[in-house]
Amino acid sequence: MTALRGSCLCGEVRFEIVGPLMRSSHCHCRQCQKAHGAPFRTRARVSFYESTPGTHRGFCKVCGAPVVVKFDEHSRSAQTDPGAVALYGVALATLDDDPGVRPDAHAFIIDKAPWFAVTDDLPQYPARIPGQNAPHNS
């Protein structure tokens, strides 16, 4: 499998993802709007083994570009179960290569920026997409 390459705005943070990305979606929650300065954030999920508790939002310390977010509900199970998998979200816009996945829904549409119009036919959920952050067992 070919690695997906990604980087932050200034290029100080560079990364590779080897393995498939899971579900991709647009998140319209206020936290994503504020953190990204945009009406929504588009991300896909990736899995990593969590050996110790870590930082919740990863960003470049030079340009401040957000790169990765860790989902707490999975991190807690990883702390008590050495074989557990923690889920991370990667902003698709940080990828330099085509991720091969496409967004399939809009989450937290209740918080949608009033000046932004959703113009696609993807399903829209008022809050979290059902099963979106459930543990992935495959």
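Modeller: A disulfide is here a pair of cysteine sulfur atoms within 2.5 Å, and by this rule the count comes to 0 disulfides. C8 is in no disulfide, and the nearest cysteine sulfur, that of C60, is 3.6 Å away. A disulfide is a covalent bond between the sulfur atoms of two cysteines. For C29 the closest cysteine sulfur is that of C32, at 3.6 Å, which is too far for a bond. With buried meaning under 20% relative accessible area, exposed over 50% and partly exposed in between (1.4 Å probe, protein chains only), C8 counts as buried at 7% relative accessibility, and C29 is buried as well, with a relative accessible area of 12%.

All of this comes from a predicted model, in which local features need pLDDT of at least 70 and side-chain atom pairs count only at pLDDT 80 or more, while totals for chains, interfaces and linings use all residues. Residues are numbered from 1 along each chain as its sequence is written, and side-chain values use heavy atoms, with hydrogens and water left out.

As for the threonine, T94 lies in the loop between strand 7 (85-91) and strand 8 (106-107), where helices (H or I, at least four residues) and strands (E, at least two) are DSSP runs numbered from the N terminus. T94 is buried, with a relative accessible area of 8%, and a polar atom of its side chain lies 2.6 Å from the backbone oxygen of A91. Taking contact to mean heavy atoms within 4.5 Å, and leaving aside neighbours within four places in sequence, T94 is in contact with G6, S7, F15, P66 and V67.

One of these contacts, S7, has R14 in strand 2 as its bridge partner. Strands pair if DSSP finds at least two bridges between them, and strand 1 (residues 4-7) pairs with strand 2 (residues 14-17) in the antiparallel sense over 4 bridges. The two strands form a hairpin with 6 residues between them, and G11 in the turn has a positive phi of about 90°.

Of its 138 residues, 41% count as buried. Among contacts in the protein with a separation of 6 or more, 58% are between residues 24 or more positions apart.

Definitions and conventions:
A polar contact is a pair of N or O atoms within 3.5 Å; within protein, one must be able to donate a hydrogen and the other to accept it, and residues adjacent in sequence count only if both atoms are side-chain atoms.
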